[in-house]
Every structure is written in C-alpha cells, then in structure tokens.
Amino acid sequence: AINVGGLFFPQRVAMGMDSRKVTPKLASVVVHLAAEIRSFARTEQTTDTVLTVKVSGSTIRRLAKEVGLELADLDETDELNADKESVVAEIAVVSCDGGRIRTRVPDNGRGVELSGENGWKEDKIASFERMDSNARHVEGVDPCPELPTSFRTVEKVAKITEKRVLEVELPNDPADERVVYEGPKRILRTTIGSMANSQKFGVKMLREARRRQLLRARRRAFIADGLNWNWTIWEEHFSSFVPILDFIHAIEYVFTASDALHTNDQDVWTSYTKYITLCWQGRVSAVIDELTKACVTLGIDLDVGVEDDDRHKPITDAIRYLTNNQSRMNYPRYRRQGLPVTSSPMESLVKQINLRVKGTEMFWDDPDGAEAILQVRAAALSDDGRLEDYLDKRPGYPFVRRTTPATAAA
C-alpha cells in the first residue's frame, strides 16, 4: 500500500482496472481529480505521477460518469445534501448563463461526424449565492450615483468588450478619488450545470433555490444577460426576484454602438462614456433616443434594419437590446436596495466550467458523459462541499467500503 497524506491506497499496476475494484477513497480522489483536470488522459497521468497508482483513463471516465449521473439522479429526487442545514439568506442572488461544448454523433466512435451545428451544443450553468449587505449600505440611499472608475478606464473597457484599446488622452483619477461600487458580500455559492434544455433546466434551478432556501430571503435578485431563455426561466420560476440585466452586457452593446457610430477614437470614447453613464443612472430611454436619432441621420430605417456586414449594425443591435431589456436596467433602484448589478461572478463561473468541458480538440461523443462531467464539475465548484460529502457516503455500490465494528471503532 502507499500512504498519501495519511490515506492508504492499495497500489495497482494493471491498466484498465475495473471501476468496481477501486477502493472508495481512491475513487473519491480520482473523481475529484477528474473534476479539476482538463481530460481523463491527463487525470490518468496525474494519478500515476502523484499517487504512483495506475488507474486507466477509461476507468476514470467510467467513475466520473457513474458519480455524475448519480448526482443528477439525487438532484431529481431532492436528496442532494438533504441532511445539510441551509441558512436563510439576507440577500439571495440567482444567475444563469450558457456555455458551448463540441460534440460528436453518439455511438459512432471518435474522430467521426460532428453533431449539431459544427458540433457545438449549449450547456447551461446557474449560480446560487447567499449574500450579506455591505456594512456601509444604507437602504434607500444610492451608495454610488457616479459611474465607477473601472467602467470609464480605457484598458478595463477594452478587456470587458474584447475590443482594441482606444488611443485617447484622459486625465488620471487620483487614487483617493476613484469610484467603486461595493455591492453585497458573497457568503456561500453553489452551482449546477447540465445539457438539459431551458425548460428542464429552469426546474433544476428552482429545485436548487428551494434546497438553499433562497426563496425565503428578504431581498432577492435574478441577474442575467439578454438571452430570452434566461428571462423565461425568471418569469416561470423566479418572478419574486428583482430582474436585473447584467451591467457588463450593457457596456458591451453601448461600446460597440459607439465604435460603429464614429471613426475617431476620441469621439468613440466620448459617446461611450456619455451613454454608459446614462445607463448607470437608469436613463436608458435617453440612450435609445440618441442612438435612434443617429440612425435617422445615417439614413437607417429601423423597421427595415441593415445587413449583417453593415458597419452600423451594432447601432441597431444596441437599440434593440436596450429596448428589450429597459425594464431590467433600473440600476439606481438596485443599488439603493443593496443588490449587485453585474453577473461578473457568473461569467467567471462559466469560464471555470469551460476549463473542464471545452478546449481545442475536445469533443464529447457520449451525451451522458457530458452531462455527468458537468454535474461533477459543478458540484466540485460549489462552496458547500457537496461532491466530497456525496463521495464520503456514496451508498449501494460494490466498491463502497461496508462499515464493520472494527472499522467503526477505528
């Protein structure tokens, strides 16, 4: 046997070791590694190098799939972490978004026909946060009426929008004059992920929110981008939550519209800062009016629209986006309530999920396998230790260690 951090594992050298022969503790270690490392092959290599234990990639794949589908089944029966006490949040924040993974036609082997649109299919991810108010927040008072400095910093905006850094001359804000919106503080976050369609995913989201008692929070917010399915889920399951359009997405649309409206970088920046400040102030209708007038000047008929390759299309896109989401852009009200106004943690979460399920030459040819790894990865990224808890008490499988008087006494 080998000793790793006080845990003893029987050393096996046979490649292709069946998952049912893996000890419970080794199975737990392997599944945790599979949730964090980019591929099953790399997990195999890491297990061999670090633990000096040979577990084949196919065995690791089977273990991860078994555990992931078991977690999915537990979720359907409301038994996931059913024995854990859940504290009622002061502030509950629910967010959701979609990612993209590449798939192949199932059961046709590897290196063959892609499924769907060039192999891309959407996975769905949701975040559930328990938050506490910022200590300095006074309910009913806007703690940050001025646009935060980061949203009017050229380099920061270029990073948010994934556009070029504009060449403009701006005065540097003194450090003691920087404006920062300090929203509520996150206490605990859990997450779920699935390949399910939006209708089924909405039910999963509601189940997790109930499990976390988020519907009982005094203040509740639902933050998302402008995708229709996000707001269908809100309407069907979370209508008691304040709907908030992620301010970061407003930045993206306003900036690209300004960039399409002008050819000079200084003019682009002037328009952007004017429009995004109006949005921060909740005066979205003023931005829509100005962009609409610009279209009239350019001879653009909004009823007809423009071609996809027209350089002015971002302007019409911004008008449509802001018009559709205007009712979810009352940012001064949200700040007075002490709520967050961006889903930056959600964007970060999507990237963390993508690190495991998306990458160059990474394809999923088993729908259940893709679903399983999303379940495992989401459980691993949850702050309540749900993956570790489940693996420690995983019942009903041949490789689970049975408790005996001797082991109980130990």
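Which side chain meets that of arginine 186 in a salt bridge? The partner is glutamate 129, at 3.6 Å from N to O. A salt bridge here is a side-chain nitrogen of Lys or Arg within 4 Å of a carboxyl oxygen of Asp or Glu. Arginine 186 lies in strand 5 (residues 185-194) and glutamate 129 in strand 4 (residues 120-132), so the pair ties together parts 57 residues apart in sequence. Helices (H or I, at least four residues) and strands (E, at least two) are DSSP runs, numbered from the N terminus. Arginine 186 is partly exposed, at 35% relative accessible area. Glutamate 129 is buried, at 4%. Buried means under 20% relative accessible area, exposed over 50%, and partly exposed in between (1.4 Å probe, protein chains only).

The model is predicted: local features need pLDDT of at least 70, side-chain atom pairs count only at pLDDT 80 or more, and totals for chains, interfaces and linings use all residues. Residues are numbered from 1 along each chain as its sequence is written, and side-chain values use heavy atoms, with hydrogens and water left out.

The whole structure holds 25 salt bridges. One of them joins lysine 204 to glutamate 76, with the closest N and O atoms 3.0 Å apart. This pair links helix 5 (residues 198-211) with helix 3 (residues 57-76), across 128 residues. Lysine 204 is buried at 9%, whereas glutamate 76 is partly exposed at 43%.

Arginine 386 pairs with glutamate 208 at 2.8 Å. Arginine 386 belongs to helix 14 (residues 386-392) and glutamate 208 to helix 5, so parts 178 residues apart in sequence are tied together. Salt bridges with shared partners join Asp75, Glu76, Lys204, Arg207, Glu208, Arg211, Asp384 and Arg386 into one network.
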